[in-house]
Amino acid sequence: LPGQRRADLAALDPVFATALAKNPQHRFPSCREFAHHLSATLYHLAEHSSPTQHATPIPAAAPPPSPQPGLPPAPRPRPTRRRGRLAAGVAAAVAVVVAVVAGFVFISGDTEPTAQELAHQDAARTVGQQYLEALAAGDAHAALDLVVTAPADTRFLTDDVLASQLNAAPISQISVTSAPAKPGDDPAQVQQVLLAATFGGQRSQVQIGVEHHGDRWLLPRITADVAVANPGSPLLGVTTVWDIPLGGSPTATLFPGAVSVGSSINAVDITADAPPLLLDRLLPPGRAAITPEVTLTDTGRMEADSAVTFWAFKCYSGNTSGIGCPDIGRTPDNTPPNIVPGTTKITGAGDLRPVNTEFDAQRLTLTYSGGPAQFPAEGQATSGSPTYTIPFQVNGTVDLTKAPPMLFTVAS
């Protein structure tokens, strides 16, 4: 302590004892408070050390004796400067200590916020807390009320979708705290907060600037985009996110949380190993990409086979224009001798197992090639049975996105 080295500074000991207390609760709450008490004590000490207040009156000195003949006059006694030096020393100490403490306060940035700044911080934290609590409660409307500009597409921002997200990954352990300002932030317009929450079993956090608009503090972004397919892909027409069709858009706008994709048609299954959208997706660019996996279902294969059978039926019903019908049933080598050429009709589903097929997961098509397929048929018989089996090659592609699927290209 200062008084242990210089007795004239002992008055500072209580101030430094408080500043150096072992228990943090017993110290000054801030450097500003420490500087205030230190400077006040030093100036008080300097004031009471002034010679004008503590000088003792000195009686008038007797006139000096007359010098002896032949000797120089006796020298006059010099006035004492002890108290003057003390006052000057204390004043210098005041200047040095206050300058050091002030410099520390400036460097450390330890300044107490004003009441207005505290109010801004509290308002920003409240908005962050309300947002996370709205998500955790499945209240889409409350969450949408806390953003500067509402998303253009709100089809996936509903209570039902939020309920599905929460069922897959509940939101818990919500925490919102003030965060350090970023360069250029105006505290009256932007307050940084740290949003944190657990989605399912995964902890997530993000620092985001809450903005002041009018008389409200609002979040700049509350959703993230999920890119599911490339623009123009047939997948866009049949892919769903939380059972809602994309409707031709390559992205879906969602609240942070779980993501689930599916198919709007029975012909294919669409799945994706998509992790939850976490809070960091609230920052630009705010987009996550997932790669759907598309598989042909048993229903899809049956429907495609039916499309091929329907094509064959049309070919032998006299409606052959523009559908690539083969000439089977019109030449002697494909028609039994007892059947009048041109009278053949398909009577049932064909056996397509000998035909090769190839599924295209990007175009959502099933291509048939080779064979031969076997179709039941009948015709006008000149003798014997009118029923028989037609064998022929099938070369064509079925569009699975149609309802029902249709054979749209045929190679004769």
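**Stop one: a three-stranded sheet**

Begin with the open sheet whose three strands run in the order β13-β16-β17, with antiparallel pairing. Select β13 (345–346) and β17 (387–392) for its edges, since each of these pairs on one side only. Helices here (H or I, at least four residues) and strands (E, at least two) are DSSP runs, numbered from the N terminus. Two strands count as paired if DSSP finds at least two bridges between them.

A word on what you are looking at: this is a predicted model, in which local features need pLDDT of at least 70 and side-chain atom pairs count only at pLDDT 80 or more, while totals for chains, interfaces and linings use all residues. Residues are numbered from 1 along each chain as its sequence is written, and side-chain values use heavy atoms, with hydrogens and water left out.

Back to the sheet. Two bridges join β13 to strand β16 (residues 373–378), and the two run antiparallel. Show Ile-346 and you'll find it opposite Ala-377 of β16. Contact here means heavy atoms within 4.5 Å.

Next, pick Ile-390 in strand β17. Is Ile-390 buried or exposed? Its relative accessible area is 0%, so Ile-390 is buried. (Buried means under 20% relative accessible area, exposed over 50%, partly exposed in between, with a 1.4 Å probe and protein chains only.) Draw a distance to Pro-336, 54 residues away along the chain: the C-alpha atoms are separated by 9.3 Å.

Thr-365 is in strand β15 (residues 365–369). With a relative accessible area of 3%, Thr-365 is buried. What surrounds Thr-365? Setting aside neighbours within four places in sequence, Thr-365 is in contact with Glu-358, Phe-359, Asp-360, Thr-397, Val-398, Asp-399, Leu-400 and Phe-408.

Then select Asp-351 and Arg-353, which form a salt bridge with the closest N and O atoms 3.0 Å apart. The criterion is a side-chain nitrogen of Lys or Arg within 4 Å of a carboxyl oxygen of Asp or Glu. Asp-351 is partly exposed at 26% relative accessible area, whereas Arg-353 is exposed at 74%. A search of the whole structure finds five salt bridges, and you'll meet two others below.

**Stop three: helix α5**

Jump to helix α5 (residues 115–137). How far apart are its end C-alpha atoms? They are 32 Å apart, which agrees with the 33 Å that its 23 residues should span at 1.5 Å a residue; the expected span is 1.5 Å times one less than the number of residues.

Colour the buried residues of α5: His-120, Ala-124, Val-127, Gly-128, Tyr-131, Leu-132, Ala-134 and Leu-135. Their cover includes α6 (140–144), α7 (159–168), β1 (171–178), β2 (190–199), β3 (202–213) and β4 (216–218). Just after the helix, Gly-138 takes a positive phi of about 75 degrees.

Still in α5, Arg-125 and Asp-122 lie three residues apart, about one turn of the helix. An α-helix has 3.6 residues a turn, so residues three or four places apart point the same way. Arg-125 and Asp-122 form a salt bridge, with their closest N and O atoms 3.6 Å apart. Arg-125 is partly exposed at 25% relative accessibility, and Asp-122 is partly exposed too, at 41%.

Now display Asp-145 and Arg-216, whose side chains meet in a salt bridge (3.3 Å, N to O). Asp-145 is in the loop between α6 and α7 and Arg-216 in strand β4, so the pair ties together parts that are 71 residues apart in sequence.

**Last stop: β5 and β8**

Select strand β5 (residues 224–227) and β8: four bridges join them, and they run antiparallel. Val-226 has Ala-252 in β8 as its bridge partner. In β8 (residues 251–254), Thr-251 and Thr-253 point one way and Ala-252 and Leu-254 the other, and all are buried.

Finally, zoom out: the chain has 412 residues, of which 36% count as buried, and its secondary structure comes to eight helices and 19 strands.
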